[in-house]
Amino acid sequence: DKHVGRRAVIEIGDPHRGTACASIGVGRFDPPVVGVPAGESNDQIVQLVGMAGNFGLKELSPQLLSIAKGSGCENNLRMAALDSLPKLVSNDALNEVLSEVATSASEPDSLRAHVAMMLGTQTDNGARAVLLKMLLTSPASLQSSVALALAQTEPGRATLLEAISTGKASARLLLEHRIAEQVSANADTETKAKITGLTRHLPPP
């Protein structure tokens, strides 16, 4: 063939001239005159997962649920899936996967902390119950993230202070800047007095 051994350019076009947005992909060439990359990079997949949420592609929710639960996936990909799920699935389905990841000691702390912050934005009793369980059973390295998550809402702050007041959680959490700022900024006079009493005899961090 006269083209063997010569440099060539392969151009792939779409004859459609409408205004819709579309992508063109090539899976293989037959005969294999051009190599095709093995697949998208992790960063590209993270972007695609984010787009699924942004565009409300609910038909992809089973795949995103699988990614969110999948311990074989990289953390940033699982976080992207978790962030997209609120736009694609019911609250019950979302809370089920959040609870599953949050309460599993085998999951990375960074992923559990991410889930805790998601749970902390909710005001239902179920989400606070999961966070309280995390607070009482998690290592110290994770407790700060859980406490900060609880501090995002008024009911969560009440749960956090109750756990500390009854000795179930450390009062030193209230000395951590971000937690103290969140709790104190929204506290009434009575609550501020309670915080002062809980931390009065603690050495500074």
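This is a predicted model: local features need pLDDT of at least 70, side-chain atom pairs count only at pLDDT 80 or more; totals for chains, interfaces and linings use all residues.
Met51 is partly exposed, with a relative accessible area of 39%, a value that falls between the 20% under which a residue counts as buried and the 50% over which a residue counts as exposed.

**Surface around Met51**
- Met51 is placed in helix 1, which covers residues 42–54.
- Together with Leu48 and Phe55, Met51 forms a nonpolar patch on the surface, and the accessible area of these residues together is about 320 Å².

**Nonpolar core**
- In soluble globular proteins, nonpolar side chains tend to be buried together.
- The largest nonpolar core in this model has 48 residues, and those with the most contacts inside it are Leu82, Leu85, Leu119, Leu131, Leu135 and Leu160.
- When residues up to four places away in sequence are not counted, Leu131 touches Ala116, Leu119, Gly120, Val146, Ala149 and Leu150.

**Ser61 in helix 2**
- Ser61 lies in helix 2, which covers residues 61–69, and Ser61 counts as buried because its relative accessibility is 11%, where the limit is under 20%.
- A polar atom of the Ser61 side chain lies 2.8 Å from the backbone oxygen of Lys58.
- Leaving aside neighbours within four places in sequence, Ser61 is in contact with Leu85, Leu88 and Val89.

**Ala158 in helix 8**
- Ala158 belongs to helix 8, residues 154–165, and counts as partly exposed because its relative accessibility is 42%.
- Although Ala158 and Thr191 are 33 residues apart in sequence, their C-alpha atoms are 9.2 Å apart in space.

Definitions and conventions: Residues are numbered from 1 along each chain as its sequence is written. Side-chain values use heavy atoms; hydrogens and water are left out. Helices (H or I, at least four residues) and strands (E, at least two) are DSSP runs, numbered from the N terminus. Buried means under 20% relative accessible area, exposed over 50%, partly exposed in between (1.4 Å probe, protein chains only). Patches are made of residues with over 30% relative accessible area and no salt bridge: like charges are joined within 9 Å, nonpolar side chains (Val, Leu, Ile, Met, Phe, Trp, Tyr) within 5 Å. Accessible areas come from the Shrake-Rupley method with a 1.4 Å probe; for residues, only the protein chains shown count as cover. A salt bridge is a side-chain nitrogen of Lys or Arg within 4 Å of a carboxyl oxygen of Asp or Glu. A nonpolar core is a set of buried Ala, Val, Leu, Ile, Met, Phe, Trp, Tyr and Cys residues joined through side-chain atoms within 4.5 Å. Contact means heavy atoms within 4.5 Å. A polar contact is a pair of N or O atoms within 3.5 Å; within protein, one must be able to donate a hydrogen and the other to accept it, and residues adjacent in sequence count only if both atoms are side-chain atoms.
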